[in-house]
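Trainee: Could you go through a structure with me? I would like to learn how to read one.

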Amino acid sequence: MGDSPLLPRRRALKGLCGLTLGVAVAACGGNDGEPVAGPAASPGPSPSPSPSPSPSPSPSPSPSPSPSPTPGPITATTFTSGLANPWGMAFLPDRRILVTLRGGSLVLVSADGTTVTPVSGVPAVNSNGQGGLLDIAVDPDFATTPWVYFSYAESGSGGSGTAVARAQLSGTTLQNLAVIFRQQPKVSGDGHFGSRLVFRADKTLFVTLGERQQGSPAQDLGKTLGKVVRIQRDGSIPSDNPNLGSGALPGIWSLGHRNPQGAALHPVTGELWECEHGPQGGDEINIVRAGQNYGWPNVSYGCNYGDPYSGDDNTACRIGGGVHAPTYTEPLTYWVPVSQAPSGLAFYTGSLMPEWSGNLFMGALAGNGVWRLTLSGNTVAAREKLAFSALATRIRDVRQGPDGALYALTDGNPGRIVRIAR
Ligand SMILES: [Ca+2]
């Protein structure tokens with residue numbers, strides 16, 4: 001699915017409860033919009049004090065003043081409001097937040113969330129369709145070299161394409177702007193730009209690139225549509241990228257992606273994980289490894305637009321039969337029969353919510369919420385959609401803040417930053 005809110009949303013949830021690949025689905029029971037604080041499938045200290053009217057299991061509210069410090073409930077509350085179509089956010093070391101606005105503006109949110117200040121010096125962007133000013137990342141050495149990096153849809157000969165620029169942040173001004181990457185070729189249309197920016201531990205930069213709704217170029221190594229690329233901070237190409245042959249454009253790390261709009265670095269393995277939109281069903285989470293091919297448009301657990309649903313799993317119309325292996329790399333998990341339209345991705349490593357340590361969080365646009373995935377190594381052990389009412393809307397990005405809270409960015413105008421913490 002692209003960004004378009006075409007999907008029947010209630011159905012999108014229901015369809016998940018039939019799953020796939022041995023993936024257990026927790027909390028599938030119609031939690032859309034339920035104002036319940038806290039996860040339903042937490043392995044942590046039993047039923048957290050829930051304000052829901054659901055009958056809490058037996059022991060009647062004991063008035064005994066328990067000496068053990070019971071952690072309070074996790075809550076999700078609006079941190080910043082009034083953002084016009086926000087797309088990406090990145091924390092500065094001093095806890096202020098850079099937020100891109102898809103229309104072509106960059107703003108700086110104060111550390112307490114209350115003040116929003118424009119940042120000048122952003123280049124012109126093509127903000128038609130799914131384009132605009134998209135992701136943002138902060139230099140790993142920001143304290144000494146205050147560069148920020150951003151992706152955007154750039155117009156030019158042939159149409160438009162994803163580009164990456166960097167600039168130095170001085171006060172509320174961007175200076176010394178330089179474009180460090182341009183997707184090739186530019187094509188017509190305004191969909192499937194990708195494009196998350198993630199720094200690896202070695203300070204090289206991953207850029208996830210959509211296939212611009214063109215399909216087959218995702219398999220063409222002579223184009224950077226439907227690819228993940230890895231570049232240096234100045235746009236040069238690392239010498240240890242995979243060798244994909246003489247016809248491959250420089251920088252390509254992996255291929256066969258559709259519209260990867262979320263990405264994050266695994267906190268232990270250091271590998272890149274991404275989520276990407278399937279067509280009609282088939283959203284995926286993948287570990288993105290050097291030189292691997294993720295199959296689009298030849299295979300998908302989703303179906304072509306317009307194909308009739310064939311039961312909860314959509315098995316009859318899956319593109320290429322669905323199964324990726326052995327030719328292509330299987331996704332870790334996928335959503336069928338209806339897309340969630342995944343957005344930002346974040347691993348949780350903070351101490352505020354220890355029961356979520358090591359979990360993966362994924363925003364959903366059409367799916368209206370934030371998904372929590374429990375992992376066992378590189379396997380998805382369970383997944384559930386968080387049940388906070390403040391998150392029951394199109395989610396564009398998810399990040400962990402330096403304070404150990406999770407932050408979600410809602411889509412649309414006005415968009416909000418929601419802080420999830422206890
Ligand atoms: Ca795939």
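Mentor: We shall go from the whole chain to single strands and then to some loops. Please keep in mind that this is a predicted model.

Trainee: How many helices and strands does the protein have?

Mentor: There is one helix, and there are 25 strands. Of the 422 residues, 47% count as buried.

Trainee: What is the mean pLDDT of the protein?

Mentor: The mean is 87, and 83% of the residues reach 70 or more. Over residues 1-62, however, the pLDDT is below 50, although this stretch has 96 contacts in the model beyond near neighbours in sequence. Where pLDDT is low, the predicted coordinates should not be read in detail.

Trainee: Which residues have the most contacts inside the largest nonpolar core?

Mentor: Those are V207 and A408, in a core of 87 residues. Strand β8 (residues 147-156) gives the largest share of this core, six residues.

Trainee: What is V207 in contact with, leaving aside its neighbours within four places in sequence?

Mentor: Its partners include S151, V164, F181 and I231.

Trainee: Now the sheets. In what order do the strands β15, β16, β17 and β18 stand?

Mentor: They form an open sheet in the order β15-β16-β17-β18, with antiparallel pairing. At the edges stand β15 (259-265) and β18 (333-335); each has a single partner strand, so one side of each is left without a neighbour in the sheet. On average, neighbouring strands here are turned by 20° against each other, direction ignored.

Trainee: How many bridges join β16 to β17?

Mentor: Five bridges join β16 (residues 272-277) to β17 (residues 283-288). In this pair, E276 stands opposite E284.

Trainee: And what about β20, is it enclosed or open?

Mentor: Strand β20 (residues 360-364) is largely enclosed by the rest of the structure, because five of its five residues are buried. L360, M362 and A364 point one way, while F361 and G363 point the other way. In a regular strand the side chains alternate between the two faces of the sheet.

Trainee: Which strands are joined to β20 by bridges?

Mentor: Four bridges join β19 (residues 342-347) to β20, and five join β20 to β21 (residues 369-376). Both pairs run antiparallel.

Trainee: What lies between β20 and β21 in their hairpin?

Mentor: Four residues lie between the strands, and N368 takes a positive phi near 55° in this hairpin.

Trainee: Let us change topic. Which other residues have a positive phi without being a glycine?

Mentor: Among them are K203, with a phi of about 70°, and Q213, with a phi of about 60°. K203 is in the loop between β11 and β12, whereas Q213 is in the loop between β12 and β13.

Trainee: Is K203 buried or exposed?

Mentor: K203 counts as exposed, because it has 12 C-beta neighbours inside 10 Å, and a residue with 12 or fewer is exposed. Q213 has 18 such neighbours and counts as partly exposed.

Key. Residues numbered from 1 in each chain as written. Predicted model: local features only at pLDDT ≥ 70, side-chain atom pairs only at ≥ 80, totals over all residues. Pairing = 2+ DSSP bridges. Helix = DSSP H or I, 4+ residues; strand = E, 2+ residues; numbered from the N terminus. Axes fitted to C-alpha atoms, helices over the stretch in contact; angles between N-to-C directions. Buried ≥ 20, exposed ≤ 12 C-beta atoms within 10 Å, placed from the backbone. Core = buried A, V, L, I, M, F, W, Y, C linked by C-beta atoms within 7 Å. Contact = placed C-beta atoms within 7 Å. pLDDT = per-residue confidence, 0-100.
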